[in-house]
Amino acid sequence: MSDELEIRRALDLAVEASWAVKGTTSPNPPVGAVILAAQGWVAGVGATQPPGGPHAEVVALDQAGAAAQGGTAVVTLEPCNHTGRTGPCARALLRAGVARVYYAHPDPGDKEGGGARFLRERGVEVHRLDAEVEPLRPWLAAVRKGHPHVTLKFAQSLDGFTAAPDGTSRWITGPQARSWVHLDRSRRDAIIVGTGTAWADRPALTARCARGLYPHQPRRVVIGTRAVPEYMREQGFEQYPGIPQALEALWRKGDRDVLIEGGAGLAHSALAGDYVDALQAYVAPLVLGGGLGVVRSPLAPTLDAARRWRTLRVHRLGPDTLIEMERGE
């Protein structure tokens, strides 16, 4: 087989598998794995299951069966060499007789890492792939920092307003953008709004699709000391007085990837407090000339003092545009 071409195809399958489970695996990472038989065909595809379930490599090995002997494993994250709720994936690959392992990201955990070294020392050929795996980005950042990765999402007009001068904001973006928002919610551990949004919009904060609700629903969180609407208490919304308290509690509960959908006040607090790791700007083809801004008040007195953000991707969603960014240096 053409090794490079088959490995890249296998990595694409592994990434696709990891997208399918994103949001369901925390505190574990959403990992995808593919087992290629010695002849080059795909023998098994797996993704990390919810906590307590098997990791991606084990799922793929179970599917591959005897075809894993002498074959190749392609994994989005370095196989773990740590026993927690499940056994070490590196040892499972060794027992299955896999001859080669390719992985995209090294495991950042002191205890969880070391799988590549373990396998090399026992005669398995191990290679690091030059690739970025998007579903892993928030988890990797969260583990490095020791608190959940935070994405701030907002929808705005071309000139930067989230609502018209009369206060109306529904719907500033179209149905394709809103569908994308719900898919994105289904891949998050938690969604956060402020008490102002809770009373003004009375949001459900669910992840909805044409069939109803997505199988995975994120934790629903409100920030602020003001009482929330009664339905939120009845439906199990969690409330915390501030962003740091919320992030600390969510980390303890295993959440690693959270989305802030709050209004201008919460957006300002998150940015001013330097809690935001990534931005999602849904830009509608409108020019309002005035109205409510994305944040409540200035964040920097000069251009030089303002934080610069690095663009990751730009998506066309019908007439709207989604710009995804991460923190610049």
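**Exercise 1.** How many disulfides does a search of the whole structure find?

*Solution.* The model is a predicted one. The search of the whole structure returns 0 disulfides. Consider next Cys 80, which takes part in no disulfide: its nearest cysteine sulfur belongs to Cys 89, at 3.7 Å. A disulfide requires the two sulfur atoms to lie within 2.5 Å, so the 3.7 Å from the sulfur of Cys 89 to that of Cys 80 is too far for a bond. As to accessibility, Cys 80 counts as buried because its relative value is 6%; Cys 89, at 1%, likewise counts as buried.

**Exercise 2.** Identify the residues that touch the most other members of the largest nonpolar core, and trace the elements that contribute to this core.

*Solution.* The core comprises 41 residues, and those touching the most other members are Ile 35, Leu 93, Val 101 and Leu 119. Elements giving two or more residues include helix H1 (3-21), strand E1 (32-36), helix H3 (89-95) and strand E4 (100-105). H1 supplies the largest share, 5 residues. Apart from this core lies another, of 24 residues, including Phe 154 and Leu 266.

Now take Leu 93. Beyond its neighbours within four places in sequence, Leu 93 contacts Ile 35, Val 101 and Leu 119, among others.

**Exercise 3.** Characterise the largest cavity by volume and lining.

*Solution.* The search finds 1 cavity of 30 Å³ or more. The volume of the largest cavity is about 70 Å³. Its lining has 13 residues, with Lys 22, Ser 26, Pro 30, Asp 189 and Asp 257 closest to the centre. By class, the lining holds 4 nonpolar, 4 polar and 5 charged residues.

Methods. Residues are numbered from 1 along each chain as its sequence is written. This is a predicted model: local features need pLDDT of at least 70, side-chain atom pairs count only at pLDDT 80 or more; totals for chains, interfaces and linings use all residues. Side-chain values use heavy atoms; hydrogens and water are left out. On a 1 Å grid over the protein atoms alone, a cavity is a set of points where a 1.4 Å probe fits but cannot get out, and a pocket is an open set with protein on both sides within 12 Å along at least five of seven lines; lining residues have an atom within 4 Å of a point. Grid points are joined across faces, edges and corners, and a volume is the space filled by probe spheres set on the points. Ala, Val, Leu, Ile, Met, Phe, Trp, Tyr, Cys and Pro count as nonpolar, Asp, Glu, Lys and Arg as charged, and the others, Gly among them, as polar. A nonpolar core is a set of buried Ala, Val, Leu, Ile, Met, Phe, Trp, Tyr and Cys residues joined through side-chain atoms within 4.5 Å. Buried means under 20% relative accessible area, exposed over 50%, partly exposed in between (1.4 Å probe, protein chains only). Helices (H or I, at least four residues) and strands (E, at least two) are DSSP runs, numbered from the N terminus. Contact means heavy atoms within 4.5 Å.
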